[in-house]
Amino acid sequence: DLPLGIGVGIPRPDGTGCNLTRAADVSVGGAPQITLTAEPGVWCVKVYDLGLVPERVAFALDVSHF
């Protein structure tokens with residue numbers, strides 16, 4: 001249960017990644033890790049290693065909107 005970084009943002013204009021507008025260090029959990037009010041448009045999600053993951057890991061990401 002090592003923490004990972006996760007963030008939500010807008011895609012970079014050159015297509016090379018995601019400019020994060022909200023980010024958090026998260027661990028396994030069922031409760032929302034990041035919540036925000038978002039304007040209509042294209043958004044991206046980035047999951048990243050905080051330097052604690054020693055080998056390949058699997059993860060699941062659940063995005064909900066209402």
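Predicted model: local features only at pLDDT ≥ 70, side-chain atom pairs only at ≥ 80, totals over all residues.
Residues are numbered from 1 along each chain as its sequence is written, and side-chain values use heavy atoms, without hydrogens and water.

Strands β1 and β3 (residues 44-49) run antiparallel, joined by six bridges. Strands here are DSSP runs (E, at least two residues), numbered from the N terminus, and two of them pair if DSSP finds at least two bridges between them.

On to β2 (residues 18-26), which pairs with β1 in the antiparallel sense over eight bridges. Six residues lie between β1 and β2 in their hairpin, and Gly 15 in the turn has a positive phi of about 75°.

## Buried or exposed?

Strand β1 (residues 4-11) has six of its eight residues buried, so the rest of the structure largely encloses it. Buried means under 20% relative accessible area (1.4 Å probe, protein chains only).

## The largest pocket

A pocket is an open set of points on a 1 Å grid over the protein atoms alone, where a 1.4 Å probe fits, with protein on both sides within 12 Å along at least five of seven lines; lining residues have an atom within 4 Å of a point. The largest pocket is lined by 35 residues, and Ile 6, Gln 33, Leu 61, Asp 62 and Val 63 lie nearest its centre. The elements giving two or more residues to this lining are β1 and β3.

Key
Buried < 20%, exposed > 50% of the residue type's maximum accessible area, 1.4 Å probe, protein only. Helix = DSSP H or I, 4+ residues; strand = E, 2+ residues; numbered from the N terminus.
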